[in-house]
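Work through the exercises below with the sequence and the model open. Each task is followed by a stepwise solution.

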Amino acid sequence: MGLTRFQEWLHAAPLSDPIERRLSPLIQFVLIALSAAAAATVVMGLVTRGAAALRLEALAPTLLFLAAMLLALAFLRSGHFKTALWIITGATLIAQARNTLSADLNTIGIAILMAYAIPLALAGLLINRRALLLTLAISAFIVHVTALRDMPNPGLATSITLFFLIIFGLLSFFLGLFNSTFRAELANSLARADELAQLSDRLHVTLTSIGDAVITTDDTGHVLLLNTAAQQLTGWTQAEAAGQPLHMVFRIINEATREPVQSPVDKVLREGTVVGLANHTILLTKDGREVPIDDSGAPIRNRAGTIVGVVLVFRDISERYAAEQTAERLYAAEMQARQEAEQSRRQVAQILESITDAYYGLDREWKFTYVNQTAERILERKRETLLGKNIWEEFAPALDTPLHAAYERALREGVTVGLEFYYPPLRSWFDVRAYPSKDGLFVYFRTINDRKAREAAEHEQRLLAESQRDTAIAI
């Protein structure tokens with residue numbers, strides 16, 4: 001916890017430049033380490049030299065260096081990155097100049113000059129080319145002054161200065177090149193990192209915002225992420241589920257058998273393909289609810305094609321499940337009703353076929369809906385040729401006759417009509433009764449040819465009898 005807070009503190013400097021923001025924690029850490037080293041130097045001086053270490057001339061360089069480091073840290077923490085680097089470079093340059101001026105080149109040699117690489121590297125890598133050139137010029141001046149003081153021959157002093165300029169000039173040149181490349185590469189790296197971070201944020205927002213529940217796992221089947229919908233469905237929070245085996249969070253059973261169902265994630269990891277759950281799968285939530293779901297699992301692959309995890313997408317289908325059950329019940333009821341209707345139709349057909357009268361049904365468009373066997377025989381037409389056909393087209397001579405008028409009246413007024421009607425094409429008399437309904441007409445009829453023949457014979461006999469009586473009277 002303490003280390004995490006320290007890292008957060010290092011990253012809290014208010015810097016807008018991404019490169020400065022990336023380098024700031026490292027530089028702060030170095031400044032703290034140098035400050036601690038300077039303080040340790042003072043303490044070690046007290047331990048080894050006692051009160052002599054407290055003299056101003058002994059303490060001043062170390063205290064000045066410590067003050068410079070702390071000042072640079074303060075500037076860096078306040079967002080002044082370049083100012084802090086100037087202070088660090090200046091402090092190291094002053095410390096090196098003091099060491100150079102206090103030493104004798106004849107005694108320690110020119111190896112001490114190599115330490116100037118530190119301020120030059122700081123200026124060249126972290127500030128800019130102008131700072132690098134300025135640092136190189138000041139360093140060369142200090143070296144030349146020291147060489148003139150310590151070397152008996154001015155020519156040798158000049159040679160030492162030229163040697164310093166050549167060595168550190170080349171170093172400065174390469175530092176400048178490296179600084180440009182380093183900053184460009186670092187800028188590109190930071191840009192790519194920002195793009196990846198933005199992409200990761202967008203993906204995270206997308207996963208957590210979509211309506212379907214989403215769980216992602218690693219390649220061992222342990223939970224990495226639950227989006228909001230998945231947390232609501234499973235009853236697990238992200239903090240509780242992270243790192244748990246999937247079967248602890250995503251418990252599924254078969255609705256009929258109540259047996260556990262194999263997790264699709266296991267199959268995805270084993271086969272590397274997209275898989276889905278079987279029908280009638282129930283999710284057992286953390287709080288004991290049972291939720292019907294359907295889902296699918298797909299592998300997550302890296303650029304090399306290796307499976308690095310699985311994404312599981314599932315949804316609550318309670319409403320659909322209830323609708324399907326309702327539809328199944330309605331379908332069963334409809335089939336039963338159809339069976340009952342078919343049975344009733346058969347019974348009605350049996351009744352209509354068994355009656356001695358002829359019968360046919362008409363809808364409101366005058367189309368035949370039923371014709372029994374007796375009607376087939378009397379009308380001399382098969383029912384297959386009449387069903388769905390218009391009666392006035394199939395029996396055109398009956399149009400605009402008393403039969404037509406009676407049928408029209410029955411439908412129009414909703415009254416039962418009856419009449420005796422002679423139909424010439426069939427050379428028959430019919431006794432017809434038509435009963436209206438909401439769907440059309442029910443028509444019962446029978447032939448009355450025998451009765452009409454008897455009536456005609458009786459009428460002729462009466463006429464003959466009356467004629468004979470009239471003749472007898474006349475005689």
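**Exercise 1. Determine what share of the contacts in the chain between residues at least 6 apart in sequence join residues at least 24 apart.**

Step 1. Count a contact where heavy atoms lie within 4.5 Å.
Step 2. Of the contacts between residues at least 6 apart in sequence, 48% join residues at least 24 apart.
Step 3. The model is predicted: local features need pLDDT of at least 70, side-chain atom pairs count only at pLDDT 80 or more, and totals for chains, interfaces and linings use all residues. Residues are numbered from 1 along each chain as its sequence is written, and side-chain values use heavy atoms, with hydrogens and water left out.

**Exercise 2. Describe the largest nonpolar core and the elements that build it.**

Step 1. A nonpolar core is a set of buried Ala, Val, Leu, Ile, Met, Phe, Trp, Tyr and Cys residues joined through side-chain atoms within 4.5 Å. Buried means under 20% relative accessible area, exposed over 50%, and partly exposed in between (1.4 Å probe, protein chains only).
Step 2. The largest core has 30 residues, and Tyr 360, Ile 391, Tyr 407 and Phe 445 have the most contacts inside it.
Step 3. Helices (H or I, at least four residues) and strands (E, at least two) are DSSP runs, numbered from the N terminus. Elements giving two or more residues to this core include β8 (358-363), β9 (368-371) and α16 (402-413).
Step 4. α16 gives the most, with five residues.
Step 5. Find how β8 and β9 are arranged.

Step 1. Two strands pair if DSSP finds at least two bridges between them.
Step 2. β8 and β9 pair in the antiparallel sense over three bridges. Val 371 in β9 is the bridge partner of Tyr 360.
Step 3. The two strands form a hairpin with four residues between them, and Trp 366 in the turn has a positive phi of about 65°.

**Exercise 3. Locate the nonpolar surface patch and state whether Leu 3 is buried or exposed.**

Step 1. Nonpolar side chains (Val, Leu, Ile, Met, Phe, Trp, Tyr) are joined within 5 Å, like charges within 9 Å. Areas come from the Shrake-Rupley method with a 1.4 Å probe; for residues, only the protein chains shown count as cover.
Step 2. Leu 3, Phe 6, Trp 9, Leu 26, Phe 29, Val 30 and Leu 34 make a patch of about 650 Å².
Step 3. Helices α1 (2-10) and α2 (18-49) each give two or more residues, and α2 has the largest share, four residues.
Step 4. Leu 3 lies in α1 and is exposed, with a relative accessible area of 59%.

How values were computed:
Patches are made of residues with over 30% relative accessible area and no salt bridge: like charges are joined within 9 Å, nonpolar side chains (Val, Leu, Ile, Met, Phe, Trp, Tyr) within 5 Å. A salt bridge is a side-chain nitrogen of Lys or Arg within 4 Å of a carboxyl oxygen of Asp or Glu.
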